[in-house]
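This report describes the fold, the sheet and the core of one protein. Please consult the sequence and the model shown below while reading.

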Amino acid sequence: MHEHSLLAYEEERPKLITRAGAVLAWVRAHPKSTDREIMDGMGFTDMNAVRPRCTELVEQDRLVEVGERKCPVTRKLVRVLDLSLAERGAS
């Protein structure tokens, strides 16, 4: 990765950590949500505001993919996310 990219990431990291926490809290309050539902529910208009955080939370075993359903906007199958068992135990 380019040095400038790493510096930019480090500058943005606190905001990204805060957003990941907000995504997790949103899913806690709205179980079994798609990325788009999370985006809309949190008031964002760009999927990139939440999708990378959702993926990070899945990789950290804080969220899990629990199924799929057709997105009413794209008409494509999309993942449905919920809290992991470990995360449910932490709340």
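## Overall composition

The protein exposes about 6000 Å², of which carbon and sulfur atoms supply 53%; accessible areas come from the Shrake-Rupley method with a 1.4 Å probe, and for residues only the protein chains shown count as cover. The model is predicted: local features need pLDDT of at least 70 and side-chain atom pairs count only at pLDDT 80 or more, while totals for chains, interfaces and linings use all residues. Residues are numbered from 1 along each chain as its sequence is written, and side-chain values use heavy atoms, with hydrogens and water left out.

The secondary structure comes to 4 helices and 3 strands, arranged along the sequence as α-β-α-α-β-β-α. Helices (H or I, at least four residues) and strands (E, at least two) are DSSP runs, numbered from the N terminus. Of the 91 residues, 30% count as buried, where buried means under 20% relative accessible area, exposed over 50%, and partly exposed in between (1.4 Å probe, protein chains only). Among contacts (heavy atoms within 4.5 Å) with a separation of 6 or more, residues 24 or more positions apart account for 46%.

## The sheet

The 3 strands form an open sheet in the order β1-β3-β2, with antiparallel pairing. β1 and β2 stand at the edges, each with a single partner strand, so one side of each is left without a neighbour in the sheet. Two strands are taken to pair if DSSP finds at least two bridges between them.

Strand β1 (residues 33–34) pairs with β3 over 2 bridges, and Thr 34 has Val 80 of β3 as its bridge partner. Strand β2 (residues 63–70) pairs with β3 over 7 bridges. The hairpin of β2 and β3 has 6 residues between the strands, and Arg 75 in this hairpin takes a positive phi near 65 degrees. Strand β3 (residues 77–83) is mostly covered, with 5 of its 7 residues buried.

## Glu 68 on strand β2

Glu 68 lies in strand β2 and counts as exposed because its relative accessibility is 56%. Its bridge partner in β3 is Arg 79. The C-alpha atoms of Glu 68 and Val 78 are separated by 5.3 Å, although these residues are 10 apart along the chain. Neighbours within four places in sequence aside, Glu 68 is in contact with Leu 77, Val 78, Arg 79 and Val 80.

## Helix α2

Helix α2 (residues 35–42) has Asp 35, Ile 38 and Met 39 buried. Seen down the axis of α2, the buried residues fall within an arc of 100 degrees, so they line one face of the helix; the arc is that of the directions from the helix axis to the C-beta atoms. Just after α2, Gly 43 takes a positive phi of about 85 degrees.

## The nonpolar core

The largest nonpolar core has 15 residues, of which Val 23, Val 27, Ile 38, Val 50, Leu 57 and Leu 63 touch the most other members. α1 (3–29), α2, α3 (51–59) and β3 each supply at least two residues of this core, and α1 gives the most, with 5 residues. Such a core is a set of buried Ala, Val, Leu, Ile, Met, Phe, Trp, Tyr and Cys residues joined through side-chain atoms within 4.5 Å.

Leu 57 touches Ala 20, Val 23, Leu 24, Arg 62 and Leu 63, not counting residues up to four places away in sequence. Helix α3 lies across β2 and β3, running at about 55 degrees to β3; axes are lines fitted to C-alpha atoms, for helices over the stretch in contact, and angles run from 0 to 180 degrees between N-to-C directions.
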